[in-house]
Amino acid sequence: MSQIKVDNVKHVVPHTQVDVVQNKKTEPDQKAKVKPINLSQHEVELLDNTKSLFDGIDDIDMAKVEQIKAQISTGELVFDMDELAKVITRLDHGT
């Protein structure tokens, strides 16, 4: 059974670009100007209904996430990667 660990992913910068990246001055982000739009009553109702769906969802339980990550790293929790790939494919194709 295959095991994949994706924790602590770091971005790789070619050595020749390291000095450029480190010396680059960060500029403050300029917020994009928000343009007003006109919504129909139906669109407003759709947005309100969608917001009410999200209001009923709890936040992510980070303690549980950390527990699962620890179980994966110790090998206590193992995934069948072939089965996982099949599930993702089914979700992606809507079957």
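Aspartate 55 and lysine 51 sit four residues apart in helix H2 (residues 41-55), so about one helical turn separates them. (Helices are DSSP runs of H or I, at least four residues long, numbered from the N terminus.) The model is a predicted one, in which local features need pLDDT of at least 70 and side-chain atom pairs count only at pLDDT 80 or more, while totals for chains, interfaces and linings use all residues. Residue numbers start from 1 along each chain as its sequence is written, and side-chain values use heavy atoms, with hydrogens and water left out.

Aspartate 55 and lysine 51 form a salt bridge, their closest N and O atoms lying 3.0 Å apart; the term needs a side-chain nitrogen of Lys or Arg within 4 Å of a carboxyl oxygen of Asp or Glu. With 53% relative accessibility, aspartate 55 counts as exposed (over 50%; buried is under 20%, partly exposed in between, using a 1.4 Å probe and protein chains only).

By this rule there are two salt bridges. Glutamate 66 and lysine 69 make one of them, at 3.9 Å from N to O. These two are three residues apart in helix H3, so again about one helical turn separates them. Glutamate 66 is partly exposed at 43%, and lysine 69 is partly exposed at 37%.

Helix H3 also holds isoleucine 68, which is partly exposed at 32% relative accessibility.
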